[in-house]
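These are my notebook entries on one structure. I record what I looked up, entry by entry.

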Amino acid sequence: MPATPRFPTLSQLRASDYSYFGQLGSYLQQISSKAQSALEELADDVAHPGGADWEGVAADAAIAQAQSDAVTARTSMWSWDDVAASTQRWQEELEAGTRTALDAVDDAERDGFEVGEDYSVTDTYEAETDEEYDERLEEAEAHAGLIGHRVSKLVANESLINGRLRAMSAGWGTLNFKEGGGDGGQPGHGDPNEHDPHIVGPGTDPVEENQNGNPYDLAVTIPGTGILITGDPKTGRPQLHIPGTKWNGDNPFPTLKDERPLPTGTAVGKDGHLYAFYSIKGYGPGNEPKDFIAPESHVQDLADPTHDLGPLQGISLTGSKVGISQASGVYDPKTNRMMIVGNIGPDGQRELWQSDPIKPTDSPNAWMNNMHEVNAFNNLGPGNRENQIIALPKGGYLLTSASNGQQVVGVTAATPQGLLNAQSQPLTGPGLITSPGNQPAFPYGPTVTNVDILPNGQEQVTMRVSTWPTPQGWPTGDNAPKVPYHPHTYTTTFDIDP
């Protein structure tokens, strides 16, 4: 297994040091405690300057401002506490993974083999017979396979942890205090001091991904994690691949025998929980929205993918309890809420939803029980395909959205609520993607695989999309046969001015 920029050399592996996680955790615990004490003292000083009670209109305004600032800051501090609570576990996981990889190296060396910087295994013993040579060669290959597996697992877990850290710290460095208090830190009120990121032009020409053997569509993910959640393969059940875990095959999400889980989007929760959302639909050859949109999305915690956390439902602006379909989500640290982008029922408009503020005593998935509609998206088209909302590394949010028979569009804003009124930007050029032997097809299933910071300070987004093309010359009309299922996936990149 050759060392690459993604894989460390053997010397780098031996020198691995993850103590920075512990240092980060200790630092965050210290500043969180000090900052919260300072906020409490400030609020008390405003209400009782010099120890005396302050009354009147000016006092009320100042106290309201101090309380609003405290609420705004406290939600950021809670994210510090969340990361601090996770750092020791992350450090222990990576140190254990490093030890197991080096144990495999030591085993090979004890058996008389030399392990190179690129983890190649060569024999230091000169065999005296062909049989002995073949045995030693087989043993070397076994050692190399075990070493490669353990190093790959370590690298995948480190990537997963780094993705969680990026998601949990996405709002750091973007804290702003509103002037005038009054809204108590509630979402839905614009802040003139917040800066909206902007998408720079459409994406690059789509590049087809190489799918060997059994192609699939969707391939939903969480940026930077390497997670892969497929739609239907050409044959068989949708697949789930979580690097560094045993999950690498049929998606274990529970459904009836004649149903399958079709991913609609993903989310990263307040505590770093990774979620996936699914339409549960029966098997069938149809390619119309009714064939893949369910009345509501079902929720999967990717830390325990064998369980269905239940259907996603919310209270609409009319006060009705409705299903939320085609969902994706993101945690907003400024308001301490989970935000969901999803449609009302199987054929309703795309909406923004929010949970109640998450309490420290809440269970990890309690946010599912109190979702409320914020408003409708009128800037995305019908929105009757998949979407993904993510927090951007340099602040703000990106929403990519697909509509059946149209190109994929994106919107960015400083806050999730700001996405509702943001100008949409086409992301897939003219919209139609060509493939040999097929008619041009519209893309669907946008999912962000990675966000990189460019030398010029821009964020470069890599996005995957899917197509289900119709073969050239395929019959048309009411009696035409169903279009054969042979999906394709592509990647495109576009830049964002933060």
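**Entry 1: a charged surface patch**

I looked up Asp134 and found that this residue is partly exposed, with a relative accessible area of 47%. The model is a predicted one, and I keep that in mind throughout. I placed Asp134 in helix α4, which covers residues 130-168. I then noted a negative surface patch made up of Asp130, Glu131, Asp134, Glu135, Glu138 and Glu141.

**Entry 2: salt bridges**

I recalled that side chains of opposite charge can pair when their charged atoms come close.

I began with Arg136 and Asp123, whose side chains form a salt bridge with an N to O distance of 2.7 Å. Arg136 belongs to helix α4 and Asp123 to strand β2 (residues 121-123), so this pair ties together parts that are 13 residues apart in sequence. I checked the cover of both partners: Arg136 is buried, at 14% relative accessible area, whereas Asp123 is partly exposed, at 32% relative accessibility.

I next examined Glu209 and Arg464, whose side chains meet in a salt bridge of 2.9 Å, N to O. Glu209 sits in the loop between β4 (207-208) and β5 (228-229), and Arg464 in strand β21 (residues 459-467), so the pair ties together parts that are 255 residues apart in sequence. Is Arg464 buried or partly exposed? I found Arg464 to be buried, at 11% relative accessibility, because the cut-off for buried is under 20%. Glu209 counts as partly exposed, with 24% relative accessibility.

I also listed the salt bridge between Lys290 and Asp291, in which the closest N and O atoms are 3.3 Å apart. Lys290 is exposed, with a relative accessible area of 62%.

I turned to strand β17, residues 397-401, and found it mostly covered, with 5 of its 5 residues buried. Tyr397, Leu399 and Ser401 point one way from the strand, while Leu398 and Thr400 point the other way.

Which strands pair with β17? Strand β16 (residues 387-391) is joined to β17 by 5 bridges, and the two run antiparallel. In this pairing, Gln388 has Thr400 as its bridge partner. I noted that β16 and β17 form a hairpin with 5 residues between them, and that Gly395 in the turn has a positive phi of about 105°. Strand β18 (residues 409-413) also pairs with β17 in the antiparallel sense, over 5 bridges. Here the bridge partner of Leu398 is Thr412.

Definitions and conventions:
Residues numbered from 1 in each chain as written. Predicted model: local features only at pLDDT ≥ 70, side-chain atom pairs only at ≥ 80, totals over all residues. Heavy atoms only, no water. Buried < 20%, exposed > 50% of the residue type's maximum accessible area, 1.4 Å probe, protein only. Helix = DSSP H or I, 4+ residues; strand = E, 2+ residues; numbered from the N terminus. Pairing = 2+ DSSP bridges. Patch = residues over 30% accessible without salt bridge, like charges linked within 9 Å, V, L, I, M, F, W, Y side chains within 5 Å. Areas by Shrake-Rupley, 256 points an atom, 1.4 Å probe, with all protein chains shown as cover. Salt bridge = Lys/Arg side-chain N within 4 Å of Asp/Glu carboxyl O. Lys, Arg positive; Asp, Glu negative; His and termini not counted. Charge placed at Lys NZ, Arg CZ, Asp CG, Glu CD.
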